[in-house]
Amino acid sequence: MEKLLSDPGLVQRHLDRDLSQVSELDRPGVTVDPAMDQFDLVRALRSSSQQLQFDSPIVAATQSKRRLHELPVEERVADISVRAYLNSASVTVREGSLIDDQLRSDGTRILLFQRHPSETSTVSVNLAVEVKVETDGRSYFESYGWPIFLREPVHLFGGTADELSDQALSDLSDDGVPIDRPLLLLWGARLQESESNISDQLRIRLAEYAVARADEIRVYLSRTQTYTSAPMEHWWYSACLYRSALENLFEIYLGGLTFSLVDVEDIEALDEALREVLPHAHGFPEVAPRKIPEGHWWWNLATSPAR
């Protein structure tokens, strides 16, 4: 993963592979009658959801690479990445709720579908897909992943802190589970209950597994940095979530081991970037956690009223 971030040639080869995978998918595209009323249009899109695609193969490949990790693990790791991403988007059109139907000034139409699949038995995630209908009826995915315009929480945590921590421990011990899920679960456990209730034995076991996956943690840190310059509307939530997941891991579990895994200069550079960009986020407070731990200042910076 670190090689992927630092080797432009390798990035291009991965993109070429993804483009090849997109071309092999059986998704001929969808055309509907743009004059249909909402009920019939939604029904047509749902019934043909498995044929929907993005406007071009390169958009499908780049969107998949950028946003695949926003999907629940089970929806992204059991298949080729691009196909898994498109299949998940199709499920959201087919099974999700219609949230918005907007007619733009140029005559095109944007329909927004949303669903809340389970990440684990105690965590769900908010996913939204935009389907664009052109004036000639050509229809395709416009965006997919965490909602672009955030008005409600993206992740909902249930269960107890112990349940979330136990699942995180299981995930960390399994190299097949992407690192973002156990870090998300540990963050959820922190929000559910004070860290003082975590046993020393559990801390040690979690730290041991985390150290074994140090390369992935460094990639996670690099991704957090990219969110400070991301063009998407929900970038501020991604930046705050990832930064809190890292801080939680460092503060509660790794302690003095932290800087044997990551460079202090990288953390300082990330925080400097957050201080610079988050005041421009104008995020809605309803999206931020209700009980933000002391020291996680980035959430307040992102959701404070514009000055």
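Colleague: To get my bearings, how many helices and strands does the protein chain have? After that, please take me to Val-154: where is its place, and is it buried or exposed?

Modeller: Happy to! Keep in mind that this is a predicted model. The protein chain has 14 helices along with eight strands. Of its 307 residues, 51% are buried.

Now to your residue. Val-154 sits in the loop that runs between strand E7 (138-145) and strand E8 (155-157). Val-154 has a relative accessibility of 2%, and because buried means under 20%, Val-154 counts as buried.

What surrounds Val-154? If we set aside its neighbours within four places in sequence, Val-154 is in contact with Ser-124, Val-125, Asn-126, Trp-146 and Tyr-237. Take Tyr-237 from that list: Val-154 and Tyr-237 are 83 residues apart in sequence, yet their C-alpha atoms are 8.6 Å apart in space. Among contacts between residues at least 6 apart in sequence, 67% join residues at least 24 apart.

Asn-126, one of the contacts of Val-154, leads us to another residue. Gln-114, which lies in strand E3 (residues 109-115), is in contact with Asn-126 too. Leaving aside neighbours within four places in sequence, the other contacts of Gln-114 include Thr-92, Leu-127, Pro-147 and Glu-152. Gln-114 is buried as well, with a relative accessible area of 10%.

Glu-193 is in the loop between helix H8 (180-192) and helix H9 (200-212). Its relative accessibility is 31%, so Glu-193 counts as partly exposed. Together with Asp-162, Glu-163 and Asp-166, Glu-193 forms a patch of negative charge on the surface.

His-282 is partly exposed, at 45% relative accessibility. Its backbone is worth a look too: His-282 has a positive phi of about 55°, although it is not a glycine.

So when you look at a loop, check the number for each residue: Val-154 is a loop residue and counts as buried at 2%, while Glu-193 is a loop residue and counts as partly exposed at 31%.

Terms used. Residues numbered from 1 in each chain as written. Predicted model: local features only at pLDDT ≥ 70, side-chain atom pairs only at ≥ 80, totals over all residues. Heavy atoms only, no water. Patch = residues over 30% accessible without salt bridge, like charges linked within 9 Å, V, L, I, M, F, W, Y side chains within 5 Å. Areas by Shrake-Rupley, 256 points an atom, 1.4 Å probe, with all protein chains shown as cover. Salt bridge = Lys/Arg side-chain N within 4 Å of Asp/Glu carboxyl O. Lys, Arg positive; Asp, Glu negative; His and termini not counted. Charge placed at Lys NZ, Arg CZ, Asp CG, Glu CD. Helix = DSSP H or I, 4+ residues; strand = E, 2+ residues; numbered from the N terminus. Buried < 20%, exposed > 50% of the residue type's maximum accessible area, 1.4 Å probe, protein only. Contact = heavy atoms within 4.5 Å.
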